[in-house]
Amino acid sequence: MTTKVLINEQIVDEKDATIPYNDRGFTFGDGIYEYIRVYDNHLFTAKPHLERLVRSADEIGLDLKYSVEDLTELIKELIAANHISNGGVYLQITRGAAPRDHAFPTPAVEPNLMAFCKSYDRPFKDLENGVQAVTTEDIRWLRCDIKSLNLLGNVLAKEYAVKYNAAEAIQHRGETVTEGSSSNVYAVKDGVIYTHPINQFILNGITRRVIKEIAEARDIPFKEETFTVDFLKQADEIIISSTSVEVMPVVKLDGEVVGDGSVGPIAKQLQAGFVEYIEQQNA
């Protein structure tokens, strides 16, 4: 079956999916994106994802011209065209095509929207057994709260993880842990979940919000405060989360076993709560 791609408001075959050479997403990374999961033919937490997209657009002065409702319908059409039951949808919007100049185009040009899907199942094996991670200095820009196309720092961190056969690179500014290259990070100590507070140094993950809600519903203390690399390495459990990896336990960090080396009780509670949350959303 030919893959279908969304270009602006048209669904086309992938061979016909083209963007102008002078699109500012190519020349400057001048755009934003979101990634949304699909479970059992249902978009998962689409509204908060797309509301975050709108916020990112506002933060960089990009006029989307699309509402959350408009984008939701376009994505649903794309999923149907690709017959996606379980998987994800990548959506990006750039400031548009214009002669290369650092300043915004004057007059403004139309933004370019592109989206594509891929089909895959939940990462059951890793969720059950946990993954390895490494730590690395956070070299990214100072507006990580914007989900922009400027991901070179994240790419370099992830490649560092891959070189050490790790699933994720957990970043830190000085001694303060921020987040993973493509995930939020949690340290569990004495039954309390610690995670970096929401500010410009991390992305306010949608899965992070779900985890907070699950923790509160299960009376698990959830503290949004900074912690150090040393604190992380002394944690009873480490968890990372994202749209793709869900609630993922980290059982080894920088080659050292975390806790007793198995998936901990807090991670298991959050995972169970996450499955219930999916079921509730799909009901």
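Val 38 has Leu 43 as its bridge partner in strand S4. This pairing comes from a predicted model.

Val 38 belongs to strand S3, which covers residues 31-39. S4 covers residues 42-43. The two strands run antiparallel and are joined by two bridges. Together S3 and S4 form a hairpin with two residues between the strands. Asp 40 takes a positive phi there, near 50°.

S3 has another partner. Strand S5, residues 87-94, pairs with S3 over eight bridges, in the antiparallel sense.

Now look at the side chains of S3. In a regular strand, side chains alternate between the two faces of the sheet. In S3, Gly 31, Tyr 33, Tyr 35, Arg 37 and Tyr 39 point one way. Ile 32, Glu 34, Ile 36 and Val 38 point the other way. Residues of both sets are buried. Because nine of the nine residues are buried, S3 is largely enclosed by the rest of the structure.

Step back to the whole. The protein chain has eight helices and 15 strands. Its radius of gyration is 19 Å, close to the 19 Å that the globule rule gives for 283 residues, so the chain is as compact as a globular protein of that length. The C-alpha atoms fill a box of roughly 55 × 40 × 35 Å along the principal axes. Of the 283 residues, 52% count as buried. Among contacts between residues at least 6 apart in sequence, 71% join residues at least 24 apart.

The surface comes last. The chain carries 29 positive and 43 negative side chains. The centres of these two sets lie 2 Å apart.

Terms used
Residues numbered from 1 in each chain as written. Predicted model: local features only at pLDDT ≥ 70, side-chain atom pairs only at ≥ 80, totals over all residues. Heavy atoms only, no water. Buried < 20%, exposed > 50% of the residue type's maximum accessible area, 1.4 Å probe, protein only. Helix = DSSP H or I, 4+ residues; strand = E, 2+ residues; numbered from the N terminus. Pairing = 2+ DSSP bridges. Rg over C-alpha atoms; globule rule 2.2 N^0.38 Å. Contact = heavy atoms within 4.5 Å. Lys, Arg positive; Asp, Glu negative; His and termini not counted. Charge placed at Lys NZ, Arg CZ, Asp CG, Glu CD.
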